Amino acid sequence: MKRLSAWLVIMACLLYACAAPEGPKPNGEMTTTVKRVVDGDTFEIATGEKVRLIGVDTPETVKPNHPVEPYGKEASNFTKELLTGQEVRLVFDVEPHDRYKRLLAYVYLMDGTFVNENLVKEGYARIMTIPPNVAKADVFLEAEREAREHNRGLWGLELSNGKAESKNGNATSKNGANSSKDKASESKDKASDSNEKTGQPKNSAGETNNQNTEQAETPPAGKLIKGNINSKGDKIYHVPGSRNYDQTKAEVWFATEEEAQAAGYRAPKR
């Protein structure tokens, strides 16, 4: 009798294990329904889990203690209209989750629309490539190039306002409040303080030569990727939103990852 009871317990455990749904696996996929959209690049599915679109970054709209960024509402509304209540296919890359326990996915509608690519191509998002999830990096690069060439969305906004904005808040504007003259002056002051500490040479007037520093701290229009050479001589580029972007001082700026790679720079190692 005891032996029979033991077998029944074992069989029950096996049946439960077979019936229990499997969690997301690297390079796997699942089909689900979108419950609600949080912002342009994040949404919640029927299970209550949140999904973050791989490889793209839309302007912030709901980040705590952070202002709504230009074109953020438009990107959020676009994603809401596209995804709310829709059945979608989630395709995972090497890492199915991020550090916030959100699912990381390439998202497809049932008609085959590739949502991640669509956001970039229509100018609602910039590319944000974070290794090791890079399977579609080339697709996103081409989509962003097309959006830039046609001045769509974010790129048209920058053109019409005469400014370039990045996640770390740097901007060059035509208005008096944020004029390039004021920004250059601010950069010059910062560079002077920094150079006195590092012992950089001064010119004949007793002023520090900070022309390169001014150029490094303010991104040129349309170039938001930072290039930096570390102490080992490695050339590394950092895209907006990546882990060390805000802490990195740019020695050179690039418009695309392809441009950075062509100049001999690589993405950061994990």
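Which residues of the largest nonpolar core touch the most other members? Before answering, a word on the model: it is predicted, so local features need pLDDT of at least 70 and side-chain atom pairs count only at pLDDT 80 or more, while totals for chains, interfaces and linings use all residues. Residues are numbered from 1 along each chain as its sequence is written, and side-chain values use heavy atoms, without hydrogens and water.

The protein has eight helices and 10 strands; these are DSSP runs (H or I, at least four residues, for helices; E, at least two, for strands), numbered from the N terminus. Of its 270 residues, 40% are buried, meaning under 20% relative accessible area with a 1.4 Å probe, protein chains only.

Now to the core, a set of buried Ala, Val, Leu, Ile, Met, Phe, Trp, Tyr and Cys residues joined through side-chain atoms within 4.5 Å. It holds 35 residues, and Phe43, Val51, Leu83, Leu90, Val107 and Val115 touch the most other members. Elements giving two or more residues include β1 (29-39), α2 (72-83) and α4 (137-149), but β6 gives the most, with seven. Leaving aside neighbours within four places in sequence, leucine 83 is in contact (heavy atoms within 4.5 Å) with Val34, Val37, Phe43, Val88, Leu109 and Val115. Apart from this core lies another, of seven residues, among them Met128, Val239, Ala260 and Tyr265.

Finally, visit threonine 256, in the loop between β10 (252-254) and α8 (257-262). Threonine 256 counts as buried because its relative accessibility is 12%. A polar atom of its side chain lies 3.1 Å from the backbone nitrogen of glutamate 259.

Note on methods: Buried means under 20% relative accessible area, exposed over 50%, partly exposed in between (1.4 Å probe, protein chains only). A polar contact is a pair of N or O atoms within 3.5 Å; within protein, one must be able to donate a hydrogen and the other to accept it, and residues adjacent in sequence count only if both atoms are side-chain atoms.
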